[in-house]
Amino acid sequence: MIAGEHVILRAFEREDAERCYRWMNDPNIVRTLKSRYPIAFQNEIEWLDRAMHPSPSERHFAIERKDDRSHVGNASIHDIDWVSRTGEFGLFIGEPSAWNRGFGTDAIVTLVRFAFDEMNLRKLRIHIFDYNDRAKHILETHGFVQEGRLAREFYREGSYHDIVILSIFRDGAPEETRS
Ligand SMILES: CC(C)(COP(=O)(O)OP(=O)(O)OC[C@H]1O[C@@H](n2cnc3c(N)ncnc32)[C@H](O)[C@@H]1OP(=O)(O)O)[C@@H](O)C(=O)NCCC(=O)NCCS
C-alpha cells in the first residue's frame with residue numbers, strides 16, 4: 001500500500017467492481033474522460049481483471065480514504081516506457097461525497113511521488129480536456145506545466161474541444177530546458 005497524507009493507494013480487489021461500474025457510468029466523471037458509451041457491468045469486471053494482472057507498461061490503484069478506508073476513486077499509470085522512464089497517468093475521485101475535500105490533490109501528489117521515488121520514472125504526463133479547470137488548477141499548483149495542446153481534438157456535447165498535455169519532471173526541470 002502507498003500512503004499519502006489523506007489517501008492510500010492500494011491494489012484493486014474484485015469487490016471494487018460495483019463502485020467502479022457506478023463511477024464509470026456517472027456523467028460527472030465520464031465528461032472528464034475519453035470514454036463515450038455506457039459501460040456494462042461485465043466490461044467493468046473484465047477491466048478490473050486486467051487491472052489486477054497488468055502488463056509491464058501499466059499499474060492500477062484504488063484510492064482509499066485514510067480516515068475510514070472507503071474506496072473513493074481510481075488511479076493508473078499507463079504507457080510506461082521503461083527505457084525513457086516516462087509514463088502517462090489518469091485519476092478520478094468517483095465518490096461524490098469525497099469531492100472537494102482534498103483527496104484528489106493528495107492522490108495526485110502521492111501517485112507522482114510513488115512514480116518518481118519507487119518506480120524510478122523521471123517524467124509523467126497527463127492529457128486532460130481544456131475545459132477541466134479543476135484538474136488544471138490542481139496540476140498546475142503542484143508543478144505540472146502545460147507542454148502541448150491538441151486543438152479541437154475531441155467531439156463532445158456538440159462541439160470540438162482542445163486536449164492539453166501537462167507534464168512534470170522528477171528533477172523539476174524548468175520549461176525552457178525541456179527538449
Ligand atoms: C480532479 C479531481 C481528481 C479533484 O479531486 P477533488 O478531491 O475533488 O479535489 P481537491 O479537493 O483535492 O481539490 C480541488 C481544488 O480544485 C479547485 N477547484 C474546484 N473547482 C474548480 C474550478 N471549477 N476551477 C478551478 N479550480 C477549481 C478547488 O478550489 C481546490 O483547489 P485548492 O486546493 O487550491 O483550494 C476530481 O474532481 C475528479 O475526479 N475529476 C474527474 C476526473 C479528472 O478530472 N481527472 C483529471 C485528473 S487530475
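In the predicted model, Ile2 has Leu9 of strand β2 as its bridge partner, and strand β1 (residues 2-3) pairs with β2 in the antiparallel sense over two bridges, where two strands are taken to pair if DSSP finds at least two bridges between them. The two strands β1 and β2 form a hairpin, with three residues between them. Residues are numbered from 1 along each chain as its sequence is written. Because the model is predicted, local features need pLDDT of at least 70 and side-chain atom pairs count only at pLDDT 80 or more, whereas totals for chains, interfaces and linings use all residues.

Strand β2 (residues 7-10) presents a covered face, made up of Val7 and Leu9, and an uncovered face with Ile8 and Arg10. In a regular strand the side chains alternate between the two faces of the sheet. On the other pairing of β2, strand β3 (residues 59-65) is joined to β2 in the antiparallel sense over four bridges, and Ile8 has Glu64 in β3 as its bridge partner. Strand β3 in turn pairs with strand β4 (residues 71-81), again antiparallel, over six bridges, with Arg59 opposite Ile77 of β4.

These pairings belong to an open sheet of eight strands in the order β1-β2-β3-β4-β5-β6-β8-β7, in which the pairing is mixed. Strands β1 and β7 (145-156) stand at the edges with a single partner strand each, so one side of each is left without a neighbour in the sheet. The protein chain holds five helices and eight strands, helices being DSSP runs of H or I with at least four residues and strands runs of E with at least two, both numbered from the N terminus.

Tyr37 lies in the loop between α2 (27-30) and α3 (41-52), and Tyr37 is exposed, with 8 other C-beta atoms within 10 Å. A residue is termed exposed if 12 or fewer other C-beta atoms, placed from the backbone, lie within 10 Å of its own, buried if 20 or more do, and partly exposed in between. The C-alpha atoms of Tyr37 and Asn25, which are 12 residues apart along the chain, are separated by 8.4 Å.

Of the 179 residues of the protein chain, 26% count as buried. Along its principal axes, the C-alpha trace of the protein chain spans about 45 × 40 × 30 Å.
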